[in-house]
Amino acid sequence: DPLAQRAAAANNDDTMLSPMTGLVRVVEAKAGQKVKAGDRLIVVEAMKMEHSLVAPRDCQVAEVLCEKDQPVDSGAVLIRFELDNPA
């Protein structure tokens, strides 16, 4: 999904932001979950279209800040990721 790839690239390294104002339809992420780049984590519906938000990289979910059927504004933080610790 090209839109999902662009949305992932637009997010900061430690947060996933809502790309638009809409309604959270699906929350697949859970705190503590390890995810791989491209895994679908959230689906936001806007203007009767669903937009999948995917993990920007292999990482661990620190905190999920939204829930199903919650309205969100553009730029709202939906997920925080664990910061990578240098080895």
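Of the 87 residues of the protein, 33% count as buried. The model under description is a predicted one. Its accessible surface comes to about 5300 Å², and carbon and sulfur atoms account for 50% of that area. The secondary structure consists of one helix and eight strands. Read along the sequence, these elements follow the pattern α-β-β-β-β-β-β-β-β. Contacts between residues at least 6 apart in sequence were also examined, and 60% of them join residues at least 24 apart.

Four of the strands form an open sheet in the order β1-β8-β6-β3, with antiparallel pairing. The edges of this sheet are strand β1, residues 15-17, and strand β3, each of which pairs on one side only. Strand β3 runs antiparallel to β6, and two bridges join them. Across from Val35 stands Cys59 of strand β6.

Val77 provides a view of another part of the fold. This residue is found in strand β8, which covers residues 77-81. The C-alpha atoms of Val77 and Leu17 are 4.5 Å apart in space, although the two residues are 60 apart in sequence. When residues up to four places away in sequence are not counted, Val77 touches Thr15, Met16, Leu17 and Leu65. Val77 has a relative accessible area of 29% and is therefore partly exposed, since this class lies between the limits of 20% for buried and 50% for exposed residues.

The count of salt bridges comes to five. One of them joins the side chains of Arg25 and Glu45, with an N to O distance of 3.3 Å. This pair links distant parts of the chain, because Arg25 belongs to strand β2 (residues 22-27) and Glu45 to strand β4 (residues 40-46), 20 residues apart. The relative accessible area of Arg25 is 28%, which makes this residue partly exposed. Glu45 also counts as partly exposed, at 25% relative accessibility.

Arg25 forms a salt bridge with Asp69 as well, and here the closest N and O atoms are 3.1 Å apart. Again the pair links distant parts of the chain: Arg25 is in strand β2, whereas Asp69 is in the loop between β6 (59-64) and β7 (71-72), 44 residues apart. Asp69 is partly exposed, with a relative accessible area of 41%.

A further salt bridge is formed by Arg40 and Glu28, whose closest N and O atoms are 2.4 Å apart. Elsewhere, salt bridges that share partners join Arg25, Glu45, Lys68 and Asp69 into one network.

Technical notes: Residues numbered from 1 in each chain as written. Predicted model: local features only at pLDDT ≥ 70, side-chain atom pairs only at ≥ 80, totals over all residues. Heavy atoms only, no water. Buried < 20%, exposed > 50% of the residue type's maximum accessible area, 1.4 Å probe, protein only. Contact = heavy atoms within 4.5 Å. Areas by Shrake-Rupley, 256 points an atom, 1.4 Å probe, with all protein chains shown as cover. Salt bridge = Lys/Arg side-chain N within 4 Å of Asp/Glu carboxyl O. Pairing = 2+ DSSP bridges.
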